[in-house]
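Here are a few notes to keep beside you on a first look at this fold.

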Amino acid sequence: NPIRPAILLNVVTLVNTLKVYETEKFLKTDTDNRSLNKNNVVALYEKQMTLYDGLTYFRIGTDDTLKHMRERYQSFNDKDELATRILLYIFDRVQTSSSAFATLKELHKDEKSQWW
């Protein structure tokens, strides 16, 4: 049933979006909420850090959750090419706008786990 994977992908998208935005919030300094806290950036490069309820912050440099999410998006291409193209276009756009996704993309340098 193709509907179930589509519905469950919404769960993945919701959790990953939460994880990305919570990570960006952790990375921002308290003073201006625009600058990155260098110590927190280093911490997320060095180890996996717990967020809450079994979730972890996005691990900068090695986290592959967004890569796998994009691959799941791409897998719908056989079902509906137009809808998949729109979905991937929007996903790519959030990487280039002023968003938490763009912040993490800028910091994430590992080619093996890149999602863009």
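1. Helices here are DSSP runs (H or I) of at least four residues, and they are numbered from the N terminus. With that in mind, the pattern along the sequence reads α-α-α-α-α. Please remember throughout that this is a predicted model.

2. Let's begin with the whole chain. It has five helices and zero strands. Its C-alpha atoms fill a box of roughly 45 × 30 × 25 Å along the principal axes. Of the 116 residues, 36% are buried. If you look at contacts between residues at least 6 apart in sequence, 54% of them join residues at least 24 apart.

3. Helix α2 covers residues 38-46, and its buried residues are Asn 40, Val 41, Ala 43 and Leu 44. These four take up an arc of only 160° around the axis, which puts them on the same side of α2. Turn to the other side and you will find Lys 38, Asn 39 and Glu 46 exposed. The cover over the buried residues of α2 includes α1 and α5.

4. What caps the N-terminal end of α2? Asn 37 does, with a side-chain oxygen 3.0 Å from the backbone nitrogen of Asn 39.

5. The N-terminal end of α4 is capped by Asp 80, whose side-chain oxygen lies 3.3 Å from the backbone nitrogen of Leu 82.

6. Which residues of α4 are buried? They are Thr 84, Leu 88, Phe 91 and Gln 95. Viewed down the axis of α4, the buried residues fall within an arc of 60°, so they line one face of the helix. Leu 82, Arg 85 and Thr 96 are exposed on the other side of α4. Among the elements that cover the buried residues of α4 are α3 (65-74) and α5 (100-107).

7. On the α4 side the contact is made by Phe 91, Val 94 and Gln 95, and on the α5 side by Phe 101, Ala 102 and Lys 105. Phe 91 and Gln 95 are also among the buried residues of α4.

8. Now for a residue in helix α1, which runs over residues 3-27: Thr 13. Is Thr 13 buried or partly exposed? Its relative accessible area is 21%, so Thr 13 counts as partly exposed. Setting aside residues up to four places away in sequence, Thr 13 touches Met 69 and Tyr 73. The side chains of Thr 13 and Tyr 73 are joined by a polar contact of 2.8 Å. Further along the chain, twelve residues away, is Lys 25, and the C-alpha atoms of Thr 13 and Lys 25 are 18 Å apart.

9. Lys 19 lies in helix α1 too. Its relative accessibility is 9%, so Lys 19 counts as buried, the cut-off being under 20%. Beyond its neighbours within four places in sequence, Lys 19 is in contact with Thr 56, Tyr 57, Phe 58, Asp 63 and Thr 65.

Technical notes
Residues are numbered from 1 along each chain as its sequence is written. This is a predicted model: local features need pLDDT of at least 70, side-chain atom pairs count only at pLDDT 80 or more; totals for chains, interfaces and linings use all residues. Side-chain values use heavy atoms; hydrogens and water are left out. Buried means under 20% relative accessible area, exposed over 50%, partly exposed in between (1.4 Å probe, protein chains only). Helices (H or I, at least four residues) and strands (E, at least two) are DSSP runs, numbered from the N terminus. The arc is that of the directions from the helix axis to the C-beta atoms. Contact means heavy atoms within 4.5 Å. A polar contact is a pair of N or O atoms within 3.5 Å; within protein, one must be able to donate a hydrogen and the other to accept it, and residues adjacent in sequence count only if both atoms are side-chain atoms.
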